[in-house]
Amino acid sequence: MSERKVLTKYYPPDFDPSLVGRSRQPKQTGPKVQTVRLMAPFSLRCSSCGEYMYKGRKFNARKETPADERYLGIQIYRFYIRCTRCSAEIVFKTDPKNQDYAVEKGAKRNTEPWRRGLEGELEETDEQRLDRIEREMADENGEVAAAEERNAMAELEQKTADAKREMAVADALDEIRSRNARLEKAQREGGVDIESVLGGRGLSEEEERRRREEEEDAEAARKAFEFARLQQKLEEGPAEEEVLGLPGVPGSAVTNGEGSSGSSSSSAAAGPSTTSSAAAAATASNPTSAAATDMPPPSFKRQVKKKKDHSALLGIKKKQPLV
């Protein structure tokens, strides 16, 4: 048995290479033809025997490149295959216009639901195309008209609402102007205070209650400060007497080296004593003021509360420190 892959060939002794001449064939005329291996781009049915060939079936095909068939400069190729059952020739070509393939002879393309209606569109005449375009434009114009009508109604409603709002604003402004004119006229003729007239108007019950509370708080604060000021004056009186040597006892005087200084001290001490006697007389005559004087002054000092021992209530015994 000979080798499958031969590296050297046998030449007989009487071999003459000059007798082997190169055969020249005439150049091929017509379209260029190549033998290629391809798969069926779509499922089809043979028109001779009815054999079904599905998409993806492999064939040894002849690829033809016609020189005069182009679409917008794109070359169109034609393929020749044979039926797997009856060996009938089937021809199809590329369709760059629709980015697809078109069967020319020998078979029929199977029905594909997603391409339904495409054949009719491909075979549409100019008149049918014009009619279809007119219908589409009419539908678009109808939709546009309906949309414009809806927009017109909405615009009319908006304009009506704006007119009502402007009328309400104008009426309110007229009322305010007329009221201001009446108040100014009353002030010029009768001397009426506008602020006092306007102060009692326009206040709700809540605002009136708040205003009364603020006035009561201000009055209470004023009384408290007045009482504190009076208490401070009463406390300053005995302090001055102690400094001058007259602790409220009549007949006591500071003995100095000079008589003139003693007389001046006694005359200076006469003022506070008369002030304290006048205050005592006023207290005796007015018992309410005496009760107000006995009230302690308000203290704003922070009082620290003693913390409760909750551990004893819970039954927890604290350990005694070792140190």
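What follows is a chat about a predicted model.

Biologist: What should I know about the numbering and the model before we start?
Modeller: Residues are numbered from 1 along each chain as its sequence is written. This is a predicted model: local features need pLDDT of at least 70, side-chain atom pairs count only at pLDDT 80 or more, totals for chains, interfaces and linings use all residues, and side-chain values use heavy atoms, with hydrogens and water left out.

Biologist: OK, sheets. In what order do the 5 strands of the open sheet come?
Modeller: The order is β1-β4-β7-β8-β9, and the pairing is antiparallel. Strands here are DSSP runs (E, at least two residues), and helices are DSSP runs too (H or I, at least four residues), numbered from the N terminus. Two strands pair if DSSP finds at least two bridges between them.

Biologist: Which are the edge strands?
Modeller: They are β1 (32-39) and β9 (100-105). Each pairs on one side only.

Biologist: And how are neighbouring strands turned against each other?
Modeller: By 30 degrees on average, direction ignored. Axes are lines fitted to C-alpha atoms, for helices over the stretch in contact, and angles run from 0 to 180 degrees between N-to-C directions.

Biologist: What holds paired strands together in general?
Modeller: Strands of a sheet pair through backbone hydrogen bonds, either parallel or antiparallel.

Biologist: How many bridges join β1 to β4?
Modeller: There are 8, and the two strands run antiparallel. Lys-32 stands opposite Thr-65 in β4.

Biologist: What about β8 and β9, how many bridges there?
Modeller: They pair over 5 bridges, in the antiparallel sense. Lys-93 faces Ala-102 in β9. β8 and β9 also make a hairpin, with 4 residues between them. In that turn, Gln-99 has a positive phi of about 55 degrees.

Biologist: New topic. How many residues are in the largest nonpolar core?
Modeller: It has 15 residues. Leu-38, Leu-44, Met-53, Phe-59, Ile-81, Ile-90 and Phe-92 have the most contacts inside it. A nonpolar core is a set of buried Ala, Val, Leu, Ile, Met, Phe, Trp, Tyr and Cys residues joined through side-chain atoms within 4.5 Å.

Biologist: Which strands each supply at least two residues of this core?
Modeller: β2 (44-46), β4 (58-65), β7 (78-82) and β8 (89-95) do.

Biologist: Take Leu-44. What is it in contact with, leaving aside neighbours within four places in sequence?
Modeller: Leu-44 is in contact (heavy atoms within 4.5 Å) with Glu-51, Tyr-52, Met-53, Ile-90, Ala-107, Lys-108, Arg-109 and Asn-110.

Biologist: Rings next. How many aromatic pairs are there?
Modeller: The structure holds 4. Tyr-11 and Phe-15 form a tilted one, with 5.4 Å centre to centre and 45 degrees between the planes. Rings of Phe, Tyr and Trp (its six-membered ring) pair if their centres lie within 6.5 Å; planes under 30 degrees apart count as stacked, over 60 as edge-to-face and the rest as tilted.

Biologist: Why is the pair of Phe-92 and Tyr-101 called edge-to-face?
Modeller: Because their planes stand at 75 degrees, with the ring centres 6.1 Å apart.

Biologist: Is Phe-92 buried or exposed?
Modeller: Phe-92 is buried, at 2% relative accessibility. Tyr-101 is partly exposed, at 33%. Buried means under 20% relative accessible area, exposed over 50%, partly exposed in between (1.4 Å probe, protein chains only).

Biologist: Which residues do ring pairs link into a cluster?
Modeller: Phe-42, Phe-79, Phe-92 and Tyr-101.

Biologist: Now charges. How many salt bridges are there in the whole structure?
Modeller: A search finds 16. A salt bridge is a side-chain nitrogen of Lys or Arg within 4 Å of a carboxyl oxygen of Asp or Glu.

Biologist: How far apart are the closest N and O atoms of Glu-155 and Lys-159?
Modeller: They are 3.8 Å apart, in a salt bridge. The two residues are 4 apart in helix α2 (residues 126-190), so about one helical turn separates them. Glu-155 is partly exposed at 45%, and Lys-159 is exposed at 53%.

Biologist: And Arg-165 with Asp-162, what is the N to O distance?
Modeller: It is 2.9 Å, again in a salt bridge. Arg-165 and Asp-162 are 3 residues apart in helix α2, so about one helical turn lies between them.

Biologist: Last one. Which residues are linked in a network of salt bridges?
Modeller: Glu-64, Glu-69, Arg-78, Lys-93 and Glu-104.
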